[in-house]
Amino acid sequence: MNVMLSPPKSLSKDEANSDPIVDVCDVSLQYTAGQLSILATYKVSARIFEGDRFVLLGPSGCGKSTLLKAIGGFHKPSEGEIRLRGRKVTEPGPDRMMVFQEFDQLLPWKTVVQNVAFPLIESGKVKNRKEADERARHYLAKVNLTKFADNYPHMLSGGMKQRVAIARGMAMEPDILLMDEPFAALDALTRVKMQDELLELWDDTHFTVLFVTHSIAEAIKIGNRILLLSPHPGQVKAELNGLSRNELGGPKAQTLEKDIHHMLFADKATEEVRTHG
Ligand SMILES: Nc1ncnc2c1ncn2[C@@H]1O[C@H](COP(=O)(O)OP(=O)(O)OP(=O)(O)O)[C@@H](O)[C@H]1O
Ligand SMILES: [Mg+2]
């Protein structure tokens with residue numbers, strides 16, 4: 001069942017005036033293991049515009065991570081195509097930086113600042129080590145980690161390690177930051193704090209982010225647009241506009257949460273109706 005919900009769906013300024021940063025056109029993704037072929041997503045389309053906080057929301061196994069990897073250039077679509085600023089995505093590149101759920105994404109033998117500077121140097125994004133170090137410290141300051149810049153990752157908490165991974169991604173100033181459930185492994189309080197910090201960071205720099213979650217509340221808090229995927233294989237169920245910051249926690253947020261919940265669990269009912277109809 002594909003539902004295109006109407007709530008506040010109006011063309012954003014960017015949508016009306018510009019091309020998308022990422023254009024996902026009818027993308028099916030599959031895994032082949034021996035004779036077995038597993039379809040992860042089926043004909044998914046999405047357009048992500050400059051400055052979007054675009055959330056992919058759906059149940060476990062619906063292909064969110066696979067889609068993110070495909071946009072990252074790590075997984076080739078079996079049908080359809082993905083374009084980044086109009087160019088077909090065929091491989092990974094520094095224009096798409098990823099932040100994962102796991103805390104072990106940092107190189108343990110490098111300090112925090114070296115971890116952030118490393119991709120800047122490797123990709124040739126900056127001219128020399130000094131410039132890399134300066135830019136790394138600039139972004140570490142943005143995630144409130146100036147004091148820990150010269151520590152090693154094992155001396156940091158999980159939340160702090162995630163901040164480093166975010167700073168590392170942002171320091172590359174990519175076209176889009178791809179975040180796969182970056183806060184899912186954190187305790188509830190830290191998770192809320194990190195969500196707030198991410199929004200503050202966005203207020204500061206208006207970066208474009210694709211954020212994967214299976215938490216409805218997190219999707220509503222983070223996203224200005226939410227793409228709802230059906231259970232395995234993931235298909236677009238609805239595309240929703242998010243709420244403004246001052247509507248969070250209010251009646252509109254409650255209604256949206258209920259609507260999304262209903263859509264996520266509507267399939268079962270539909271199946272039953274179909275079976276008996
Ligand atoms: N390396 C792999 N080989 C074979 N099948 C895979 C592989 N990775 C994922 N899959 C399958 O593809 C489907 C989508 O997986 P994916 O990890 O993208 O889901 P997800 O929405 O990110 O789930 P979760 O919320 O649990 O992280 C699942 O059915 C999964 O079993
Ligand atoms: Mg996943």
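## Helix packing, sheets and the ligand shell

Helix H4 crosses helix H5 in the right-handed sense. By class, the contact between H4 and H5 comprises six nonpolar, no polar and two charged residues. The model described here is a predicted one.

**Packing of the helices**

H4 spans residues 129-142 and H5 spans residues 158-171; the two pack at an angle of about 130 degrees, and their axes are 9 Å apart. This angle makes H4 oblique to H5. On the H4 side, the residues that meet H5 are Arg135, Ala136, Tyr139, Leu140 and Lys142, and on the H5 side they are Ala167, Met170 and Ala171.

H5 also packs with helix H3, which covers residues 112-122, at an angle of about 30 degrees and with the axes 9 Å apart. Angles under 35 degrees count as roughly parallel, and H3 and H5 are therefore roughly parallel to each other. The crossing of H3 and H5 is right-handed. From H3, the contact draws on Val112, Asn115, Val116, Pro119 and Leu120, while H5 supplies Val164, Ala167, Arg168 and Ala171. Sorted by class, this contact of H3 with H5 has seven nonpolar, one polar and one charged residues. Ala167 and Ala171 of H5 are named in the contact with H4 and also in the contact with H3.

| Helix pair | Angle between axes | Distance between axes |
|---|---|---|
| H4 and H5 | about 130 degrees | 9 Å |
| H3 and H5 | about 30 degrees | 9 Å |

**The hairpin and its neighbour**

Strands S1 and S2 pair in the antiparallel sense, with nine bridges between them. Within this pairing, tyrosine 31 has isoleucine 38 of S2 as its bridge partner. S1 and S2 form a hairpin in which two residues lie between the strands, and glycine 34 in the turn has a positive phi of about 65 degrees.

S1 is also joined to strand S4, residues 79-84, by five bridges, and these two strands run antiparallel. In this pairing serine 28 stands opposite glutamate 79 of S4.

**The open sheet**

Six strands form an open sheet in the order S6-S7-S8-S3-S9-S10, and their pairing is mixed. At the edges stand S6 (96-99) and S10 (236-241); each has a single partner strand, so one side of each is left without a neighbour in the sheet. On average, with direction ignored, neighbouring strands of this sheet are turned by 20 degrees against each other.

Within the sheet, S7 (residues 176-180) and S8 (residues 209-213) run parallel and are joined by four bridges. Leucine 177 stands opposite valine 209 of S8.

**The shell around ligand 1**

There are 14 residues around ligand 1, and those that come nearest are Tyr31, Ser60, Lys64, Ser65 and Thr66. Strand S1 (22-33), strand S2 (36-48) and helix H2 (64-72) are the elements that give two or more residues to this shell. H2 gives the most, with three residues. By class, the shell holds five nonpolar, eight polar and one charged residues.

Conventions. Residues are numbered from 1 along each chain as its sequence is written. Chains are lettered from A and ligands numbered from 1 in the order in which they are written. This is a predicted model: local features need pLDDT of at least 70, side-chain atom pairs count only at pLDDT 80 or more; totals for chains, interfaces and linings use all residues. A residue is near a molecule or strand if its C-beta atom, placed from the backbone, lies within 6 Å of it. Ala, Val, Leu, Ile, Met, Phe, Trp, Tyr, Cys and Pro count as nonpolar, Asp, Glu, Lys and Arg as charged, and the others, Gly among them, as polar. Two strands pair if DSSP finds at least two bridges between them. Axes are lines fitted to C-alpha atoms, for helices over the stretch in contact, and angles run from 0 to 180 degrees between N-to-C directions. Angles under 35 degrees count as roughly parallel, over 145 as roughly antiparallel, 65 to 115 as roughly perpendicular and the rest as oblique. A crossing is left-handed if the near helix is turned anticlockwise from the far one by less than a right angle, and right-handed if clockwise. Two residues are in contact if their C-beta atoms, placed from the backbone, lie within 7 Å.
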